[in-house]
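I open this notebook to record what I looked up in one protein chain. The entries go from the overall fold to single residues.

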Amino acid sequence: MVKAIREYSLEDLMERIEEIFNHNPSPIQGFNAVVQYDVYGEEKGTYQHYFKNGKLTIKKGIETTPTCTMQLSYDSFKKFVLGKQSGTMALLTGRVRVLGNLSTAMRIETILRRYNIREPF
């Protein structure tokens, strides 16, 4: 069932993102990286997104050293996924903190724009 993004727990949201990306792998073809999200706020958790050979696998917790880590609130994460918050602006205003490879973090925004994710999610 399709629902509004606010109705998703963080874990459910990560599962849905994995489904969307793997249903249409074209935007992530050739992108190989491990992107870690440290999410805080009303929902908390650490998730690693493994991009490899046109496939996204999301795992809860830390299994390997990420290419980059993004630390952001759950609210900012939801806005970022829906394209309602610019990654550059979030970085400049302190809404997101990036550790590691900044160009990888910026590439995520480009990938998300190609998916053009909208609600209902």
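The entries below concern the chain shown above.

**Entry 1: basis.** I note that this is a predicted model, in which local features need pLDDT of at least 70 and side-chain atom pairs count only at pLDDT 80 or more, while totals for chains, interfaces and linings use all residues. Residues are numbered from 1 along each chain as its sequence is written, and side-chain values use heavy atoms, with hydrogens and water left out.

**Entry 2: fold.** I looked up the secondary structure, with helices (H or I, at least four residues) and strands (E, at least two) taken as DSSP runs numbered from the N terminus. The chain holds four helices and five strands, in the order α-β-β-β-β-α-α-β-α from the N terminus. Its radius of gyration is 13 Å, close to the 14 Å that the globule rule gives for 121 residues, so the chain is as compact as a globular protein of that length. The radius is taken over C-alpha atoms, and the rule is 2.2 Å times the number of residues to the power 0.38. The C-alpha trace spans about 35 × 30 × 25 Å along its principal axes.

**Entry 3: burial and contacts.** I took buried as under 20% relative accessible area, exposed as over 50% and partly exposed as in between (1.4 Å probe, protein chains only). Of the 121 residues, 45% count as buried. For contacts (heavy atoms within 4.5 Å), I considered residues at least 6 apart in sequence; 67% of these contacts join residues at least 24 apart.

**Entry 4: aromatic rings.** Rings of Phe, Tyr and Trp (its six-membered ring) pair if their centres lie within 6.5 Å; planes under 30 degrees apart count as stacked, over 60 as edge-to-face and the rest as tilted. I find four aromatic pairs by this rule. Phe21 and Tyr115 form a stacked pair, 4.2 Å centre to centre with 15° between the planes. This pair links distant parts of the chain, since Phe21 is in helix 1 (residues 10–23) and Tyr115 in helix 4 (residues 102–115), 94 residues apart. Both Phe21 and Tyr115 are buried. Ring pairs also link Phe21, Phe31, Phe51 and Tyr115 into a cluster.

**Entry 5: helix 2.** How many of the eight residues of helix 2 are buried? I count six in helix 2 (residues 74–81), so this helix is largely enclosed by the rest of the structure. The buried residues are Tyr74, Ser76, Phe77, Lys78, Phe80 and Val81. Their cover includes helix 1, strand 1 (33–40), strand 4 (68–73), helix 3 (87–92) and helix 4. Gly83 follows helix 2 and has a positive phi, near 75°.

**Entry 6: Lys78.** I looked at Lys78 separately: its relative accessible area is 10%. Leaving out residues up to four places away in sequence, Lys78 touches Ile5, Arg6, Leu13 and Glu42. Lys78 and Leu112 are 34 residues apart in sequence and 12 Å apart in space, C-alpha to C-alpha.

Entry 7: His49 lies in strand 2 (residues 45–52) and is buried, with a relative accessible area of 3%. Beyond neighbours within four places in sequence, the contacts of His49 include Met14, Ile17, Tyr37 and Leu56. Thr104, in helix 4, is buried at a relative accessible area of 9%. Apart from residues up to four places away in sequence, Thr104 touches Phe31, Ala33, Val35, Thr67 and Cys68.
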